[in-house]
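Here is a short briefing to read alongside the structure. Have the viewer open as you go through the points.

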Amino acid sequence: MDVQRGAGDVVTLDDLMTQARSLSEDIDFTAVTQWKARAEGRKAIGHMPTYVPRELIHASGMLSVGITGGGDRLEIIRGDAYFQSYICRIPRSTIELALSHRLDVLDGMLFPSICDVIRNLSGMWSMIFPDRYVHYVDVPQNFDVAVGGKFWRRELETLRTDFARLSGVAIDDDALRASIAVYNENRHVIRDLYRARSERPWIFPMSEVYYILRAGNVLPPEEHTAMLREYLVLAPGESDRRDQDRSRVVLAGMFCEQPPHGLVLTLERAGCYVVDDDFLLGLRWLQDDVTTTGDPLDALVDAYLNHSAMSASRYAPDGDRGRWLIDSVARNRAEGVIFAAPSFCDPALLDQPMLVTALDRKGIPHTEFKYAEDTGQFAVIREQAGTFSDSIRLWSEA
Amino acid sequence: MSAVRKEDSMLLQKQMMSDHYDRLASAHDEGRKVVYTFVPGNLNELVRSFGLLPVLPEINALQSGLRKKSGEYIAEAEKNGHSEDVCTYVKCDIGMLKKGNIGPTGTQLPKPDLLLLSYTGCFTFLKWFELLREEYGDVPVAMLHVPYQANGRIEPHQRDYVVQQMRTEVIPKLEQVSGRAYDEDRLREMLRLSARAEDDLVWTLESAKRTPSPIDAYFGGVHYIGPIFSAFRGTQGAVDYYTALRAEVQERLDAGQGPVTPEGPMGTEKYRLVVEGPPNWTSFREFWKMFYDEGAVFVASTYTKVGGLYDRGFRHDPDHPLETLADYCLGCYTNLGLPTRVDLLEQYINDYNADGFLVNSVKSCNSFSVGQLMMLRQLEERTGVPGVFIENDLVDPRYFSAANIKNRIESYLQMLDQKRGKAA
Amino acid sequence: MIDVFVGIDLGSTTTKAVVLDNDGNVIGRGITNSRSNYDVAALIVREEAFVRTRFTLVERSIGVDAGVISALERNLKLQQHLELLARLQEAMSMLAAGPKHRGHAGDLKTRLDEIAAGMEPLARQHFAAGATRRSDFFRDLAAADYMHLAEQLADPKHIAFDVLCGVFDAAILAVENLPVEHAFERHIGAALEATLAEHPDCDADGLRRAVEEARGEELVELETVGTGYGRARLPFPKEQIRSEILCHGLGAHAMFPETRTVLDIGGQDTKAIQVDASGIVTSFQMNDRCAAGCGRYLGYIADEMNLALHELGPLAQESRTRVKINSTCTVFAGAELRERLSLGQKREDILSGLHRAIILRAMSLLARSGGINDQLTFTGGVARNPAAVAALRDLVGENYGARTINTSPDSIYTGSLGAALFALRAAERKAA
């Protein structure tokens, strides 16, 4: 199976995965450098995980670049000097990337309000790089359009002005609506992929989806959308992919510091189909299409207030903390939940007891372990996930 | 004489606390309602203007630490599935709840009638009250999102956002719970009392600019901020407390005396230190002793600013009640961006003529801790004054390694000595 | 009569002492394993350093004749060893007669005497001319010999091996915690005769005279300063205790005057210290509560691999493809190592990665303390490991450019040297 790309360019799944893998593992951000070199004066804005309004970056002609730490390939030489041992890994590897000049390709950096660590990192950034653009993106925790909405619109206006100044391109409403449409399409295809994977997880293994999604950190959204589409065509063409009757699990806790690829592989080898997850949640934070008519900032505000993904770092006004997880288990016919949270991740680990309570009330099995982005040893996780997978299959057969 | 007067303010505070917890214990029987809320940016005057009684879970947690109960509470929370990695204030509070919710003075704490989630400078607050909401069932929550001061200055739209939340979220829920209407005149009256107490607090903290300092602005300071940061701001009781405190400190100042420690008046002041970060509560006295035994006194502290930077000029303003409360919330120390925090510490080191500074880095509090290693280097570079870095925790006794901490402090003070050429 | 100034560094693994003369010259050094009784450790190490001091006096009087003096020292060590061996046998006999062994006291005593009888010739072999010893500590040598003999002589039906081990463990503790005094004065006679027999051509009269003078010399300990991990438990008044940070800084400065940064990796902690041109500490950082990446970690790895500690470095240096190690957590060291080995990774490649990981942790402490702007002196037990030194050179070069890195075979004495210098300064100040 292959797909035609442009004039006579034939792509196989292997080719696509090689490409996606190298994009997601490239700690030198070569793709961003290349993108900038393709035209004069191009700029790129980095952002930490979870939500930032990438549409505004796109509308100003800049590239938004997702920074999700250094993974398990980056050696931390300078980053540890900035953080105590009880702080998670992602800030130290991000600092390492910056101090080793790998992020020099970025013209600015956004820090969304995900937790105190990322928040304070924004201040460290502005002290280390006093000449670079740094912005702390304080998303609202009040979901009333007249209150939190008004505040958020004002924040978006600030970003609009800042990006226009950085790029030299004023962001008019038409451009912003066009960018919204581009990201709507990207989110749409990601939703397609998640739906397809939930239906036939053996066709779309998490170990591949991982790379395909993560490539979206560095690709322009149009190219990422194309890659997702190719993957949706190519993966089902692999004749050796059959249902192996594994247990269906939802993964939770990975919305910020990303697990190493080896961990995902380990879960699959231990007998799990991942049918939903909160991996790279920022790519699909807005869960419905954003309106492309009317005032585009109002549209983004409405999408954030009313159609956002639930995450540990978002306040749940209605109090039903575990509902999204229960819904996901039901929607995806999952048999259990694996909580895989980064060590020292306050939001995920403080959230977990509430989610566990919600699952227990419904009798949904779960297991939990911690990882770090540079975890290199999976023996214990393999054992634990294998036991869990076996036990929930026994449990569902009984 | 001064030792006796010192006892006066201490006893006064103790009595205030004890009366408060007694009132809390009988609150529900007497038909009074209770609001749980957090110390930084708390809306104490607003809460009390509705006749509601505040409960501050952080205060309960630190009191549990002082009373050596926190280890047991934390273990209880961890047994119930709370991670070893996360904030021990939260776990201490949850553990206390699971073990019957007996407060620091031995009386029963009432269930909350409202959780006022003033989300100021600390992400964990949000999870904390979500957890309490689960524990207590159907308790209403009023969420007050206070935007972060990344650039260290309050933007008008941030103030508007906070005021609007008070009008649309906080006040309606306080009205609902209390059954009373919002009474702005009453609020103004309380804010007037706040400002009076605040004047005396600032005077007390700034007395440490004198040599020798009549106070320890950290280990003593945490007592001095007690009434104003917690349940008593805006009351006549707080005004009286600070009047008494000021008189005591004035007396020591006049007599050229140093701070009073748990073992009596401190010896000769040898080192003047500034400190960043909260103290440890489980071994509070042991930790303090490591300093006063060596003649080290803290002259300024950032922890005593988590409930407001009064020494930088802020006062509650009765003429703009909601706006002043918004500014108060926005301006708390942990809600300020790191560059602003470094600026403040630099000013303290200079203004208070410090010989050195301590960073007491607590595992529990990422809001304080993340970036402190960088703050240390920045401050050393800017001031030329050497700092020392200690790792610690708030209320987790497992994390207080006395030998390790003492070793560092000793090494550090000997280094200061050596640098001054006092010793060999 | 000569004035001496003593520095004692009570570390987590070893206790060291340095003796200085009036001019600040090192005239004696001693080292012993730290033990439960810190007072005794301090007494023993001081005695060791005084013994060496008297040898220095011999050298000063007859000129340095390395062959003869080292033979004399070796023979004296043999005498000390034999003395301890006798104490060991005595202690074992008492234990054998105790209530614990009532049932088989006679058999046990016979076995123990056989073992003790076997240990003496082994001891003589250890200290024979040209022999190499795996350790200079009585505990290590005696334990190896004892276990070797006990394995041969144990008999599961009567006296089992573990019974013999139990007796040894109890006896060695008792022996170690007995102070030894005047070792030179008491043993040098026998050592001298043995040495003269080995070196018939040397100037016997000159040597006898020099030894007699050294034996009769009164060493006046004017000042003593204690330091190290266990310093608070040294039986010294407070003004005679200095932080090991200050002592390391001053000691490194004395050894390498151009030092501006000191890295010390010991058993339990890692220190990065900045000093000024006169050896005064200007800033320091220590590892946090977690002891990952300290010397003890290498100890666990060595145990896990069934290697001696000093074999780790050379093996690591055989690596051609280093494995990337992300965690140097002591708690998980064993499990992680076993998993890596089971994945087929080579020991040398894993070790190479481990050494780099340890030095990476040190690099972050160095950065926290202010970086490396001039000469760096690397001290502590881990500084004797060639793979650790090589990893440090690589990483310093990559991050700070060309920097002089000093190491010394005597670097284990850095802290005690600094302490002795503080003792000397204190005496000078009092005199002034």
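Strand S8 (residues 296-301) of chain B is mostly covered, with 6 of its 6 residues buried; buried means that 20 or more other C-beta atoms, placed from the backbone, lie within 10 Å of a residue's own. Please keep in mind that this is a predicted model, where local features need pLDDT of at least 70, side-chain atom pairs count only at pLDDT 80 or more, and totals for chains, interfaces and linings use all residues. Residues are numbered from 1 along each chain as its sequence is written, while chains are lettered from A and ligands numbered from 1 in the order in which they are written.

**Strands S7 and S8 of chain B**
- Strand S7 (residues 271-276) of chain B pairs with S8(B) in the parallel sense over 5 bridges; pairing takes at least two DSSP bridges, and strands are DSSP runs of E with at least two residues, helices runs of H or I with at least four, numbered from the N terminus.
- B:Ser301 in S8(B) is the bridge partner of B:Val275.
- Between S7(B) and S8(B) the chain passes through helix H12 (residues 284-292) of chain B, in a right-handed β-α-β crossover (clockwise from the first strand over the helix to the second, with the strands pointing away from the viewer).

**Helix H11 of chain B**
- Helix H11 (residues 236-254) of chain B has 19 residues and reaches 27 Å from its first C-alpha to its last, close to the 27 Å expected at 1.5 Å a residue (1.5 Å times one less than the number of residues).
- Among the buried residues of H11(B) are B:Tyr241, B:Tyr242, B:Glu248 and B:Arg252.
- Just after H11(B), B:Gly256 has a positive phi of about 65°.

Key:
A residue is buried if 20 or more other C-beta atoms lie within 10 Å of its own, exposed if 12 or fewer, and partly exposed in between; C-beta atoms are placed from the backbone.
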